[in-house]
Amino acid sequence: CKNLSVSFWNSYWMLPSDVCGVNCFWEAAFRYDYMKTHSSEKMHLAVVACGERLEETVTMLRSAVLFSIKPLQFHIFAEDQLHESFKDILDDFPYEGKVNYTLYPITFPTESAAEWKKLFKPCASQRLFLPLILKNVDSLLYVDTDILFLRPVDDIWSFLGKFNSTQIAAMAPEHEEPRIGWYNRFARHPYYGVTGINSGVMLMNMTRIRRKYFKNDMTPVRLQWGEILMPLLKKYKLNITWGDQDLLNIMFFHNPESLYVFPCQWNYRPDHCIYGSNCKEAEEEGIFILHGNRGVYHDDKQPTFRAVYEAIKNYSFEDDLVHSLLQPLELELRKTMHTYCGRVYKVFIKQLTKSIRDLYARRSKGR
């Protein structure tokens, strides 16, 4: 499946809806999905990459590999022209047996593909269709390309075991401080909770998602995941700003019992420090997952975030983590203390330090 030709996928993608409908499309394409034969012990991680996001995506995947304990299965949805580059890079990843990957094309339901493609950023709404595409995957962690794991993926994966009987997904709040919140000040549509939720890190029990019938404000009849997406888009497309994230906020506004909310250190963004520190959990335990949204890894607006990104991007798997990653990173972070985020730079390395220590302890114990 790893080497499946792009032409195979394109031949299905180009089928008109009157020849092969949405359900038929997914059935045909994923008849060849080798995931159904793989162990449920693997942690499944999905990402969607378009445009200039190759390097950023690979850096995210590197951070996932660094500390994780159980095997990882990457599901990478990317534009066709990026597939060969992903293959060349990922085939050289170390830890053979710990990491596997599958590349997929960017695909939307044929009859509404144009609308989904232009929603927010190119390819962003692909994440909404993952439960329908990866139908043999029970649970999945979706992350944006600008995510960095500073502790094992295993730890956020463990939240699946904390879901109660009604919860189907987990996300973090969009803001901790309502005074700077976007949804509570500007949204023209329903949103979850006090400040909304951020979909850049989304843990899903996809079996439950596929089975659930969702309450909504369009019909008294509850609708399943594949039935509710297009009606939601049609109703709210003139009122949403953040595309698929807004649609998820609307869905969980009407179905709040279905969401597990995890703390801000699992999705730490510039908003948590640019106006002063407002993620108390990160202050106490450090940042677990760093989310460099708004392009902060690639400009000079938030040098603290960029320093972490550059350190992980440039780290060689064979090098010593303390001397080649942690110590140089702390020196760079100290240079950012003129910024609000830099003033709390220790939260950026607190968990990273622990993750490195724990990794070396596991290696020593395994000898």
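The model is predicted: local features need pLDDT of at least 70 and side-chain atom pairs pLDDT 80 or more, while totals for chains, interfaces and linings use all residues. Residues are numbered from 1 along each chain as its sequence is written, and side-chain values use heavy atoms, without hydrogens and water.

**Aromatic pairs**
- The structure holds 18 aromatic pairs (ring centres of Phe, Tyr or the six-membered ring of Trp within 6.5 Å; planes under 30 degrees apart are stacked, over 60 edge-to-face, the rest tilted).
- Phe93 and Phe317 form an edge-to-face pair, because their centres lie 5.7 Å apart and their planes stand at 65 degrees.
- This pair links loops 224 residues apart, with Phe317 between H13 and H14.
- Both Phe93 and Phe317 are buried (under 20% relative accessible area; exposed is over 50%, partly exposed in between; 1.4 Å probe, protein chains only).
- Ring pairs also join Phe159, Phe163, Tyr260, Phe262, Trp266 and Phe288 into a cluster.

**Helix H16**
- H16 covers residues 346–366; helices are DSSP runs of H or I with at least four residues, strands are runs of E with at least two, and both are numbered from the N terminus.
- Its buried residues include Val347, Phe348 and Leu359.
- The buried residues of H16 pack against elements including helix H3 (54–67) and strand S9 (289–291).

Key:
The expected span of a helix is 1.5 Å times one less than its number of residues. Contact means heavy atoms within 4.5 Å.
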